[in-house]
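This briefing is meant for a reader who is meeting the structure for the first time. Please have the sequence and the 3D view open while reading the points below.

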Amino acid sequence: MNDRMSTTELAGIARQARWHIINTVTTSKAGHIGGPLSATDLLVNLYFRQLNIDPENPQSPDRDRFILSKGHSAIGLYSVLALRGFFPEEELSTFDHGDSRLQGHPDMKITPGVDVSTGSLGQGLSVGAGIALAAKKQGRDFHTWVLTGDGEMEEGMIWETVLSAPRYGLDNLTLIADLNGLQQYGWNVAETDRFDRSEPLGHVDLEKVFTGFGWNAVTIDGHDYEQIAEAFDAAEADRGKAGKPTVILARTTKGHGISFTSGTYKWHNGVATPEQLELARQELQAEIQAEETAR
Ligand SMILES: Cc1ncc(C[n+]2csc(CCOP(=O)(O)OP(=O)(O)O)c2C)c(N)n1
Ligand SMILES: [Mg+2]
């Protein structure tokens, strides 16, 4: 959005989105929770502050593009798209039904606002690089953003694009890495601890690696709205100038925003009990009330 929203307003939207995520997955009785919740603040800042998009005209050729490469977090994207006006919020209750426009993984052919179909991890960055390269060739001035998971970044295809994107000077491409330190289970490192929770990329100095490959790299707290805004603005300001792509290494917490889903691989996916759903509602609602009192 060009008329920029305040941090307080954005945080309020994020709480609504988080409620939609857990409530929708509970209603549909299937879906992912932890990945959508770790990415919510990044998605809200993109869709309500950064992207040049028009919900009334989702196919505009010069719109900014967004690729949710970690497609299993679809309900996070759908919640934000609904709040942004791409389709009615009530439609979220059809999530993952056979005849719904809101499938378990994003489908660009049926869902307004979805630019690329994803779900098979590892592919979104190369698609984003292709779109960014095409934009350069066609002289179009828009930005392409890609969001990956940290487990996803174990996929080799990611690194093929990390290697090649600087070669094409793709300063119109920004990768946001959702570094929540967890994936579906963990690594099978020992029989006694099948679900080792070590970070997928915890042993890697990602800033050094990306910089070495020729990228701009910045590390932020992916739940801090000032840091998110600053990193997004800087990446966008580089378009047409820097001659290299940017990676935003966003440190996040899986399941962020709800006490019992926060910081555990066990809520990678799952369905809340009625008691858990009520607790989540109270926590998100309580925060909304506290914020309103503070205004
Ligand atoms: C190619 C591929 N392999 C496996 C899966 C199954 N899968 C879905 S989510 C997931 C874990 C992803 O972890 P991460 O990228 O860290 O995502 P997040 O923590 O943000 O949920 C896996 C293995 C998949 N969708 N695609
Ligand atoms: Mg992860």
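Predicted model: local features only at pLDDT ≥ 70, side-chain atom pairs only at ≥ 80, totals over all residues.

- Because Asp150 sits in the loop between β2 and α5 while Asn180 sits in the loop between β3 (173-179) and α6 (206-213), the pair ties together parts that are 30 residues apart in sequence.
- Both Asp150 and Asn180 are buried.

**Glu152, a buried acidic residue**
- Glu152 is found in the loop that runs between β2 (144-149) and α5 (156-164).
- Although Glu152 is buried, it has no salt bridge, and the nearest side chain of opposite charge, that of Lys70, is 7.6 Å away.
- The side chain of Glu152 does, however, reach the backbone nitrogen of Gly149, at 3.1 Å.
- When neighbours within four places in sequence are left aside, the residues in contact with Glu152 include Ser69, Lys70, Leu121 and Gly122, and Gln123, Leu147 and Ile158 are also among them.

**Helix α3**
- Eleven of the eleven residues of α3 are buried, so this helix is largely enclosed by the rest of the structure.
- Among the buried residues of α3 are Ala74, Leu77, Tyr78, Leu81 and Arg84, and the buried residues of this helix pack against α1, α2 and β1.
- After α3 comes Gly85, which has a positive phi, near 100°.

**The nonpolar cores**
- The largest nonpolar core has 53 residues, of which Tyr47, Phe66, Tyr78 and Trp145 touch the most other members.
- The elements that give two or more residues to this core are the helices α1 (7-28), α2 (34-50), α3 (74-84), α7 (225-237) and α8 (274-294), together with the strands β1 (65-68), β2 and β5 (246-251).
- A second, separate core consists of 24 residues, and Leu125, Val162, Leu170 and Leu249 are included in it.
- In soluble globular proteins, nonpolar side chains tend to be buried together.

Conventions. Residues numbered from 1 in each chain as written. Chains lettered and ligands numbered in written order. Heavy atoms only, no water. Helix = DSSP H or I, 4+ residues; strand = E, 2+ residues; numbered from the N terminus. Buried < 20%, exposed > 50% of the residue type's maximum accessible area, 1.4 Å probe, protein only. Lys, Arg positive; Asp, Glu negative; His and termini not counted. Salt bridge = Lys/Arg side-chain N within 4 Å of Asp/Glu carboxyl O. Polar contact = N/O pair within 3.5 Å; in protein donor to acceptor, adjacent residues only side chain to side chain. Contact = heavy atoms within 4.5 Å. Core = buried A, V, L, I, M, F, W, Y, C linked by side-chain atoms within 4.5 Å.
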